[in-house]
Amino acid sequence: MAVATENGTQTANGQSNGQSNGHLNGNGPVEHHIRYIPFAYSSEDSEATARRLVLAIRPAWESADSKVEFVRFTDGITNTLLKAVYKKAGLSKDEVNKEAILLRAYGNGTDLIIDRHRETQNHELLMRYGLAPELLARFENGMMYRFVQGSMTHPEDLRKPVIYKAVAKRLAQWHAVVPCITARTGHSRRNSKNTDFIVPSEALGDAEFQQIIDSVAPGKPPPNVWTVMQKWIFALPTDTEAQRERQAQLQKELTRTVAELSQRPGLGTNGLVFAHCDLLSGNVIVLPKSQQTPADDSNGVTAKDTTIDVTFIDYEYATPSPAAFDIANHFAEWGGFDCDFSVLPTRVQRREFITAYIRAYYAYQGEKNGTTADYDEAAEVDRLLNEVDVFRGLPGFYWGIWALIQATISQIDFDYASYAETRLGEYWAWRDEISGDRQRAGKEIPLREKRWAQEQ
């Protein structure tokens with residue numbers, strides 16, 4: 001999760017880290033020739049280290065009649081973002097922004113959560129489909145990529161029909177066009193805390209550890225959202241008995257949820273699409289009018305509905321996932337980091353979003369295959385609407401685990417521990433609702449579930 005703001009103007013994003021070499025090979029990894037700079041960014045000496053990195057790829061910026069300036073964006077809750085601009089006499093603001101660079105430094109210890117090698121592959125894969133800015137270089141603890149002009153959305157913007165229909169269209173393009181790339185699930189074994197609840201840690205070699213992660217959802221090629229959650233559970237803190245008990249409890253819930261949800265049929269290949277998995281408001285960017293594409297009824301958004309176009313940034317959590325999870329996860333973000341459940345999408349709003357999504361998805365599928373998609377729109381909308389309902393509790397589980405880890409490693413001023421309890425509470429409330437336990441106990445329906453059931 002990374003957010004960047006500058007008076008309402010936002011960057012585009014990318015991802016990075018990893019080493020390989022040059023092409024997309026079937027369903028194998030994307031390989032790359034991205035320059036690597038053997039320097040690191042330091043928050044203790046921010047401007048000097050950032051300048052050194054930027055000048056390594058833009059040596060011409062070190063001229064006597066120019067000035068390199070840095071704009072620190074509002075930190076997200078994972079990474080640090082700096083916009084580097086080249087100020088020189090005679091350059092307009094638009095010309096300066098066209099040459100601007102975004103420097104993104106990873107949060108402390110986040111390699112425990114994020115596969116940085118995979119992140120670079122994600123960025124390059126999206127670049128091939130025109131869905132990500134140019135990745136310029138990697139460095140020891142981050143990457144640099146081209147700045148893209150646009151306006152970052154806020155949670156209240158996500159609730160505007162003109163925005164959420166544009167988001168639906170762009171997300172459908174991701175899911176319909178970008179292939180899922182199979183590889184081992186990246187992990188940081190040296191930092192994983194405990195696997196004793198599955199098999200004694202000392203008896204587990206690297207190959208066996210990898211196999212446990214990659215096979216958590218039988219028949220689903222890794223990596224995927226299920227393997228990511230498994231590696232996160234292995235990385236949970238286990239210093240106290242209470243922490244070890246919670247880890248075992250969450251492992252039990254993951255096993256249960258995988259059994260219930262991972263084999264459900266869905267869009268994409270083998271029920272998986274290339275998913276963003278972190279589509280919060282800060283990662284949705286409204287493009288300038290000069291970059292808008294003409295409205296196209298075939299892609300699910302009409303000229304009447306659409307006066308904007310959006311793009312997505314921050315691909316570090318992108319991984320194959322059920323489309324319903326990616327959409328449910330986005331809907332959860334309508335309430336922002338404050339988790340305001342009173343503004344989550346109603347059933348009518350979800351149907352409008354999913355209708356726009358389905359039209360765009362099948363239009364992009366047709367373009368990719370050189371055919372006209374033949375599908376029953378009403379049936380497909382109903383099917384996906386139901387699937388998103390089924391998956392509505394999973395984002396709370398996913399981000400709850402993540403926040404428990406961040407609470408032990410992050411140096412950013414954010415109350416991860418409380419956030420973890422709020423997000424996991426969403427999962428438990430969903431469990432109680434679908435099981436009937438809440439009704440049988442005579443308890444009042446929680447606000448999130450109440451809002452989710454609301455028609456309008």
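Q: Which residues line the second largest cavity?
A: The lining consists of Ala332, Gly335, Gly336, Cys339, Asp340, Phe341, Leu344, Arg423, Glu426 and Arg448. A cavity here is a set of points, on a 1 Å grid over the protein atoms alone, where a 1.4 Å probe fits but cannot get out; lining residues have an atom within 4 Å of a point. The model is predicted: local features need pLDDT of at least 70, side-chain atom pairs count only at pLDDT 80 or more, and totals for chains, interfaces and linings use all residues. Residues are numbered from 1 along each chain as its sequence is written, and side-chain values use heavy atoms, with hydrogens and water left out.

Q: What is the make-up of that lining by class?
A: The lining has four nonpolar, two polar and four charged residues. Ala, Val, Leu, Ile, Met, Phe, Trp, Tyr, Cys and Pro count as nonpolar, Asp, Glu, Lys and Arg as charged, and the others, Gly among them, as polar.

Q: How much space lies in it, and how many cavities does the search find?
A: The second largest cavity holds about 40 Å³ of space, and a search of the whole structure finds two cavities of 30 Å³ or more. Each volume is the space filled by probe spheres set on the grid points, which are joined across faces, edges and corners.

Q: Changing topic: is Glu449 buried or exposed?
A: Glu449 has a relative accessible area of 3% and is therefore buried. Buried means under 20% relative accessible area, exposed over 50%, and partly exposed in between (1.4 Å probe, protein chains only). Glu449 is in helix H15 (residues 447–453).

Q: What is Glu449 in contact with?
A: Apart from neighbours within four places in sequence, Glu449 contacts Arg392, Ala429, Trp430 and Glu433. Contact means heavy atoms within 4.5 Å.

Q: And where does Ile358 lie?
A: Ile358 belongs to helix H10 (residues 347–369). Its relative accessibility is 1%, so Ile358 counts as buried. Not counting residues up to four places away in sequence, Ile358 touches Tyr375, Glu380, Val381 and Leu384. The C-alpha atoms of Ile358 and Leu384 are 8.5 Å apart, while the two residues are 26 apart in sequence.

Q: On to the strands: which ones does E5 join with?
A: Strand E1 (residues 35–37) runs parallel to E5, with three bridges between them, and Arg35 has Ala137 as its bridge partner in E5. E5 also pairs with strand E6 (residues 142–146) in the antiparallel sense over four bridges. Two strands pair if DSSP finds at least two bridges between them. Helices (H or I, at least four residues) and strands (E, at least two) are DSSP runs, numbered from the N terminus.

Q: What joins E5 to E6?
A: A hairpin does, through two residues. Phe139 is placed opposite Gly142 in E6. Strand E5 (residues 135–139) is mostly covered, with five of its five residues buried.

Q: What is the order of the open sheet of three strands?
A: The order is E7-E9-E10, with antiparallel pairing. Strands E7 (151–152) and E10 (310–312) are at the edges with a single partner strand each, so one side of each has no neighbour in the sheet.

Q: Which helix packs on that sheet?
A: Helix H5 (residues 161–177) does, touching E9 and E10, and its direction makes about 50° with that of E10. Axes are lines fitted to C-alpha atoms, for helices over the stretch in contact, and angles run from 0 to 180 degrees between N-to-C directions.

Conventions:
On a 1 Å grid over the protein atoms alone, a cavity is a set of points where a 1.4 Å probe fits but cannot get out, and a pocket is an open set with protein on both sides within 12 Å along at least five of seven lines; lining residues have an atom within 4 Å of a point.
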